[in-house]
Amino acid sequence: MSGTLIIGATSAIAESTARLLAARHERLYLVARNPQRLKAVATDLAVRGAERVGHEVLDLNDLAAHEPMLERADGFLGGIARVLIAHGTLSDQKACERSIELTLRELHTNALSVVALLTPLANRLSSRGTGAIAVISSVAGDRGRASNYVYGSAKALVTAFLSGLRQRLRHHGVAVITIKPGLVDTPMTAAFTKGLLWARRERVAAGIVRAFDRRTPTVYLPAFWRPIMFVIRALPEAVFRRLSF
Amino acid sequence: MISRTFSSWGSVVRARHAVYSLASRHDAFPRISPGSTVLPYGNGRSYGDSCLNPDGALLRTDALDHFIRFDSDTGVICCEAGVLLADILRLTVPRGWFLPVVPGTAHVTVGGAIANDVHGKNHHRVGSFGNHVRRFELLRSSAERWICSPDEHPEWFAATVGGLGLTGVITWAELQLRPVAGAWMQVETVRFANLDEFCRLCENADSVSEYTVAWIDCLSRGRRLGRGLLQQANHSTHSAPDVPAHDYRIGMPFVPPLSVVNRATLQLFNTLYYHRPRWRTRRHTHFQQFLFPLDRIAHWNRLYGPRGFYQYQCVVPGERAADATASLLQAIARSRQGSFLAVLKRFGAATSPGLLSFPQQGLTLALDFPNSGESLERLFGELDALVAQADGRLYPAKDGRMPGWLFRRGYPQWQEFARYIDPACSSSFWRRVTQEA
Ligand SMILES: Cc1cc2nc3c(=O)[nH]c(=O)nc-3n(C[C@H](O)[C@H](O)[C@H](O)COP(=O)(O)OP(=O)(O)OC[C@H]3O[C@@H](n4cnc5c(N)ncnc54)[C@H](O)[C@@H]3O)c2cc1C
Ligand SMILES: NC(=O)c1ccc[n+]([C@@H]2O[C@H](COP(=O)([O-])OP(=O)(O)OC[C@H]3O[C@@H](n4cnc5c(N)ncnc54)[C@H](OP(=O)(O)O)[C@@H]3O)[C@@H](O)[C@H]2O)c1
């Protein structure tokens, strides 16, 4: 029986993923900052079949609280076997352009708090020689764009950090999985008009579970984003600079 | 403020709405702009305009999709109002419990099922959905939250069951399920040559089968008037484990420029369906196939093209039910406008719990009509008169056009109900049927 730690468990994508794990009767430990919603999610997962569900409230920008939380999660799960890190905020780019403070806060939430989690997690799991760490980054981290480069650069940091961590843990039995969703219909993107490129959260969740099971290093979800991002990354800067999207 | 185009299942009305969402059952009722109104929105499976509020706002409940409790000893389930009936069945059937009442699609929310007090093919045995609701929480725009049950705030319970979303938003509900051995049903299909034969068959079928429903060829006339197929079913008593996924097998990927449903295709389909070989058979069938046959075709409503379609569902009570139904079928056959299949079912004597509940003892007839404009409006006028004459009424969940007088006549308690309407709530349907009163 494997136990999964889910960070940012009230995220729509994380919750959909957790439902798939609950249906497989797995053991779950949930961390999120909104107590009422967290409790609703935890209860729901228990009804849906999870073997045991533990939860605790935490603002992940409170870095000092990470270590005790990991300790409790480890205890509850009988050893963390898998981790999904899903929390994040879609930064208001225009507002960031006017406020350094906001920009740094966004980088803190989307990048530094993730890095702060990854180091102790990597050390714990590698010392046991087993496990998998998956983090939801984004296609937005593949190349900075005018419309959201604060968020994008935070995700780029996460992607690069994971890539290095994956090399480091290669011989320690720990899989490091970079999840790169494209456009997903969730509360984070409620204000956007949805078109053909948009995916349902359930589809992305199924992709995350598959990546866990197969220990895939990097997944684009849905998969059609891989060729799209290949082209976007390959565009010469002289061309890319003139585009606006 | 986010705004989006919403339409209902019949696609006749498409309109932009301001959109509010409840992110959690603990959320406050949204503060809407003064002078505006809001209507709770489930999964949009109502056919006409009772789930729409153009010029106003909708309150989405799709994030209220959490289970709260399920006791597999007693079959009591408590869940948030945005949970789909399909999700409940997926969870509970493997554990031996089934929803006591389901409509013809499982893609409706618990909130929507309560607000329309929906009925199923087993109405003659178990009544409507509201008969199995133990309690729910009603959130009002005044920020009050009331637990409503037949004993607690019973007047709010009666107003909200079948209350068309107008009394406030239901945040969660507790339902009593019924035991089943598994996912399978024993289904028998019998052909009948006309309406008299249907009534005779029903006498017996309703006493031996939990579920009964008839499909009628609405193009046949004269001696064959009301010919069709009667399906009767019971839950199988031996269990087979398999619960196939609810995935759609096929789908209608786009809206064709014209309705695919027209006279030629109708005639062909109805004749073939009636004469389909191997009808008098007993079959072992998965519940999804028997109860939700159309759920396998995603977006089948698109077949009707960009102008959409109407459904006409009435109930005519008492002694005159069979005669009135014959007159309705005659009018429809004469007009040659009916759709693939008309559905006919006998409602039982159960008392519906809601002030505005649709079901009452008698015969209910339901059929779809491609939106063909004026000629259809003429036919509807004719049918309305027949329904009124027989003291019947139409089903708001399926309606997008009934005249106000017919609603008020069919639902004499509408004024009493109006006292319970939340001042922040309104719908296109409600304004339409009460405006000229
Ligand atoms: C293929 C098909 C077959 C059908 N067969 C049947 C049938 O056999 N029997 C039957 O009775 N009906 C049937 N229906 C109709 C359907 O069951 C009802 O219209 C049902 O109410 C739709 O639920 P929904 O979740 O889509 O709600 P919506 O259509 O979105 O809303 C329906 C009503 O519920 C209200 N509402 C929704 N959520 C809440 C909430 N949380 N609190 C308060 N009010 C709320 C809305 O304001 C609205 O008035 C069928 C529909 C289809 C498409
Ligand atoms: N949706 C997309 O299109 C998309 C695309 C690519 C990548 N992603 C990534 O996918 C992940 C999940 O997002 P989602 O789409 O599921 O959106 P979501 O439902 O809005 O989830 C984001 C979650 O992060 C939580 N969170 C934010 N800051 C936090 C903090 N400081 N401490 C604790 N929790 C915090 C939020 O909690 P509260 O609810 O309490 O605020 C929320 O539950 C994110 O990393 C996002 O960047 C999303």
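Predicted model: local features only at pLDDT ≥ 70, side-chain atom pairs only at ≥ 80, totals over all residues.

User: Is B:Leu164 buried or exposed?

Analyst: This residue sits in the loop between helix H4 (154-160) and S10 of chain B. Buried means under 20% relative accessible area, exposed over 50%, and partly exposed in between (1.4 Å probe, protein chains only). At 8% relative accessibility, B:Leu164 counts as buried.

User: And B:Asp391, what is its relative accessible area?

Analyst: B:Asp391 also has a positive phi without being glycine, near 60°. Look for B:Asp391 in the loop between helix H9 (374-389) and strand S21 (393-394) of chain B. It's partly exposed, with a relative accessible area of 47%.

User: Which residue of chain B does A:Arg19 form a salt bridge with?

Analyst: Side chains of opposite charge can pair when their charged atoms come close. Here a salt bridge is a side-chain nitrogen of Lys or Arg within 4 Å of a carboxyl oxygen of Asp or Glu, and the search finds 40 of them over all chains. For A:Arg19, the closest N and O atoms of the pair are 3.0 Å apart, and the partner is B:Asp65.

User: Why does the pair of A:Arg19 and B:Asp65 join two chains?

Analyst: A:Arg19 is buried at 17% relative accessibility, and B:Asp65 is buried too, at 19%. Both belong to a salt-bridge network that also links A:Glu15, A:Asp44 and A:Arg48. A:Arg19 lies in helix H1 (residues 12-23) of chain A, and the pair joins two chains because B:Asp65 lies in the loop between strand S4 (57-60) and strand S5 (67-71) of chain B.

User: How far apart are N and O in the salt bridge of A:Lys94 and A:Glu97?

Analyst: Both residues lie in helix H4 (residues 93-98) of chain A, three residues apart, about one turn of the helix. A:Lys94 is exposed at 53% relative accessibility, while A:Glu97 is partly exposed at 42%. Their side chains meet with an N to O distance of 3.7 Å.

User: How much of the accessible area of ligand 2 does the protein cover?

Analyst: Polar contacts are pairs of N or O atoms within 3.5 Å; within protein, one must be able to donate a hydrogen and the other to accept it, and residues adjacent in sequence count only if both atoms are side-chain atoms. Ligand 2 has oxygen atoms 2.8 Å from a polar side-chain atom of A:Arg33 and 3.0 Å from a polar backbone atom of A:Ala86. Areas come from the Shrake-Rupley method with a 1.4 Å probe, and for residues only the protein chains shown count as cover. Out of the 880 Å² that ligand 2 has on its own, the protein covers 92%.

User: What share of ligand 1 does the protein bury?

Analyst: There are 34 residues around ligand 1, B:Pro40 and B:Tyr395 being among those that come nearest; near means a heavy atom within 4 Å. An oxygen atom of ligand 1 lies 2.7 Å from a side-chain N or O of B:Ser46, and one is 2.8 Å from a side-chain N or O of B:Asn116. Taken alone, ligand 1 exposes 970 Å², and the protein buries 96%.

User: By class, how many charged residues does the shell around ligand 1 have?

Analyst: Ala, Val, Leu, Ile, Met, Phe, Trp, Tyr, Cys and Pro count as nonpolar, Asp, Glu, Lys and Arg as charged, and the others, Gly among them, as polar. The shell around ligand 1 has 17 nonpolar and 15 polar residues, and its charged residues number two.

User: Which residues is B:Phe198 in contact with, leaving aside its neighbours within four places in sequence?

Analyst: B:Phe198 lies in helix H5 (residues 195-208) of chain B and is buried, with a relative accessible area of 1%. Contact means heavy atoms within 4.5 Å. Leaving those neighbours aside, B:Phe198 touches B:Phe192, B:Ala214, B:Leu230, B:Leu344 and B:Leu363.

Definitions and conventions
Residues numbered from 1 in each chain as written. Chains lettered and ligands numbered in written order. Heavy atoms only, no water. Helix = DSSP H or I, 4+ residues; strand = E, 2+ residues; numbered from the N terminus.
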